[in-house]
Amino acid sequence: MALGEIGLGLLTVWPMALGVVLAVLWWPGLVTALRTAPWRWLGAAWIVVAVIYLDAALDSPLNLSTLYYRGQDRVAMPLAMLSAVLVVPGLQVWSGVLVRWGLVERGRRTARAVVVALVAAGVLASLSSLPSRSENAAKNLAAEYPGRGRFLQAGERALFEQHVPQMDSEGTVLASPFSGAAHLYALFGQDVRLTVGGMTYTGLDRDLIYATEDAATNPRSCQLLEKNGVRYIYQERRPYNLHKTSDSVNFAGPGLGIVLFETEHSRMIQIECDPGDGSYDPA
């Protein structure tokens, strides 16, 4: 175990850059884990998570990844963690191979030096991947990049800067947390009902979302929105992420109120509906 501890300790110093060469180290570890009773659970866990990851990455119709999370980036995290642990038996396998080949002498001190040398070689080899990784990071941070969706589009943000300062800051915006509206609080202090993708919805959250579908014609739905301070609805024509409950806010037509602004893929509506209490003045 001392050899594995040395290897894993050094590997954790370079968690990102080692992605290119880690496979050479954890594949032997996976085979060893599957063949060794005390480690078999680790190999089985890796296979299960790998299947779920591929399901998410390929958008498989089987939807196996819904057992964990549909986003492949989320599933990649436990897969990477399991792979890192498999590096421990993987390094032990490589150490044994070098001894059998006669490249090093058998001995605890020598084997430990071999493990350190293998890890150092992996670190040095992985440094060559830094330029490409930096380029990919720049693409992820770019305001616009063809083929890569964004929570907040460049044109969307420009309209936010133009119109949001004139909106009632205390009026709540109801929108999918996977839309650009989720950024309104951080950018302008605008009150937003659902701010984080993946949050757990309360019963009231769901009622408010569904109320937007018929609030233009149903006084009870309109009253529910008004009572809870919901004054704006933000809709997307091309959702960044499909979510059955959140997407209900996209079904209401512009008859729900006044369209304050819109882009080619989204629009902000200021709610103007009749709550049925005599307070509504269509003029």
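Good morning, everyone. Please keep in mind throughout that the structure above is a predicted model.

Let me begin with the whole chain. The protein contains 10 helices and four strands. If we read these elements from the N terminus, the order is α-α-α-α-α-α-α-β-α-α-α-β-β-β. The protein has 283 residues, and 37% of them are buried. Its accessible surface amounts to about 16,100 Å², and carbon and sulfur atoms account for 59% of that surface. What share of the contacts between residues at least 6 apart in sequence joins residues at least 24 apart? The share is 57%.

I now turn to a pair of helices, H9 and H10. Helix H9 covers residues 203-211 and helix H10 covers residues 219-227. Their axes come within 9 Å of each other, and the crossing angle is roughly 130 degrees.

Is Leu224 buried or partly exposed? Its relative accessible area is 26%, so Leu224 counts as partly exposed. Setting aside neighbours within four places in sequence, Leu224 is in contact with Leu204, Asp207, Leu208 and Ala211. Between Leu224 and Asp207 there are 17 positions in sequence, and their C-alpha atoms lie 8.4 Å apart.

Let us compare this with a residue elsewhere, Leu79, which sits in helix H4, residues 72-100. Residues under 20% relative accessible area count as buried, and Leu79, at 13%, is therefore buried. Beyond four places in sequence, Leu79 has contacts with Trp46, Val49, Ala50 and Tyr53. Ala50 is 29 residues away along the chain, yet the C-alpha atoms of Leu79 and Ala50 are separated by 6.4 Å.

The next residue is Tyr185, which belongs to helix H8, residues 184-188. Exposed means over 50% relative accessible area, so Tyr185, with 55%, is exposed. Apart from residues up to four places away in sequence, Tyr185 touches Gln190 and Val192. Thr195 stands 10 residues from Tyr185 in sequence, with a C-alpha to C-alpha distance of 8.0 Å.

Glu262 is part of strand E3, residues 257-262. With a relative accessibility of 43%, Glu262 is classed as partly exposed. Its contacts, neighbours within four places in sequence excluded, are with Leu159, Arg237 and Arg267. Tyr234 is 28 residues from Glu262 along the chain, and the separation of their C-alpha atoms is 9.5 Å.

Leu79 is buried, Tyr185 is exposed, Leu224 is partly exposed, and Glu262 is partly exposed. Thank you for your attention.

Notes: Residues numbered from 1 in each chain as written. Predicted model: local features only at pLDDT ≥ 70, side-chain atom pairs only at ≥ 80, totals over all residues. Heavy atoms only, no water. Helix = DSSP H or I, 4+ residues; strand = E, 2+ residues; numbered from the N terminus. Buried < 20%, exposed > 50% of the residue type's maximum accessible area, 1.4 Å probe, protein only. Contact = heavy atoms within 4.5 Å. Areas by Shrake-Rupley, 256 points an atom, 1.4 Å probe, with all protein chains shown as cover. Axes fitted to C-alpha atoms, helices over the stretch in contact; angles between N-to-C directions.
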